[in-house]
Amino acid sequence: MEDAYDSANVSSNDKETSLEKNFVNHAEIAWQEMRKNWVGDPSKRTSELPMEPVISFNATYEEMLLNNHTPFHKPIPLAEMVDFLVDYWHGDCLFD
């Protein structure tokens, strides 16, 4: 019976080491799974060819934003719209 585990004889340092080995961060695991659902599984991604721009290279600000009808046959990616607006603002000296 000398080999029996006696918690009274275990030092506090041994207890801390034991707890560190057994610690599981459940919040991080849940966050990683939610993130994976949001961004998708990178192993399932295919290398996509760059999309053809939705905005015509000769589109004007007035055509794009001042019409009452929707001239777009598909959604415009945010990066493409930002590029269009920045180019327009540079042309009118509205953006440094």
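Colleague: What share of the 96 residues in the chain is buried?

Modeller: Buried residues come to 10% of the 96 residues in the chain. Keep in mind that this is a predicted model.

Colleague: And the secondary structure, how many helices and how many strands?

Modeller: The chain has four helices and zero strands. Read from the N terminus, the elements go α-α-α-α.

Colleague: Of the contacts between residues at least 6 apart in sequence, what part joins residues at least 24 apart?

Modeller: That part is 37%.

Colleague: Let's go to α4. What does α4 reach from its first C-alpha to its last?

Modeller: The helix reaches 20 Å with its 14 residues, close to the 20 Å expected at 1.5 Å a residue. Helix α4 covers residues 78-91.

Colleague: Which of its residues are buried?

Modeller: In α4 the buried residues are Glu80, Met81, Phe84, Leu85 and Val86. The cover over these buried residues includes α3, residues 61-65.

Colleague: Glu80 is on that list. Why does Glu80 count as buried?

Modeller: Its relative accessible area is 17%, and buried means under 20%, so Glu80 falls within the class.

Colleague: What is Glu80 in contact with, leaving aside neighbours within four places in sequence?

Modeller: Pro53, Val54 and Ile55. With Val54 there is also a polar pairing to look at: a polar atom of the Glu80 side chain lies 2.7 Å from the backbone nitrogen of Val54.

Colleague: What comes just after α4?

Modeller: Cys93, which takes a positive phi of about 55°.

Colleague: Now pockets. How much space lies in the largest pocket?

Modeller: About 160 Å³.

Colleague: Which residues line the largest pocket?

Modeller: The lining consists of Ile55, Ser56, Phe57, Ala59, Thr60, Tyr61, Glu80, Asp83, Phe84, Asp87 and Tyr88. Glu80 and Tyr88 are both among them.

Colleague: Which element gives the largest share of that lining?

Modeller: Helix α4 does, with five residues.

Colleague: And by class, how many are nonpolar, polar and charged?

Modeller: Six are nonpolar, two are polar and three are charged.

Colleague: Change of topic: α2. What is the distance between its end C-alpha atoms?

Modeller: The end C-alpha atoms of α2, residues 26-39, are 20 Å apart. The helix has 14 residues, so at 1.5 Å a residue it should span 20 Å, and the two values agree.

Colleague: What does Asn25 do at the start of α2?

Modeller: A side-chain oxygen of Asn25 comes to within 3.3 Å of the backbone nitrogen of Ala27.

Colleague: And just after α2, which residue takes a positive phi?

Modeller: Gly40 does, at about 90°.

Terms used:
Residues numbered from 1 in each chain as written. Predicted model: local features only at pLDDT ≥ 70, side-chain atom pairs only at ≥ 80, totals over all residues. Heavy atoms only, no water. Helix = DSSP H or I, 4+ residues; strand = E, 2+ residues; numbered from the N terminus. Buried < 20%, exposed > 50% of the residue type's maximum accessible area, 1.4 Å probe, protein only. Polar contact = N/O pair within 3.5 Å; in protein donor to acceptor, adjacent residues only side chain to side chain. Contact = heavy atoms within 4.5 Å. Expected span 1.5 Å × (residues − 1). 1 Å grid on protein atoms, 1.4 Å probe; cavity = no way out; pocket = protein on both sides within 12 Å on 5 of 7 lines; lining within 4 Å. Points joined across faces, edges and corners; volume = space filled by probe spheres on them. Nonpolar A, V, L, I, M, F, W, Y, C, P; charged D, E, K, R; others polar.
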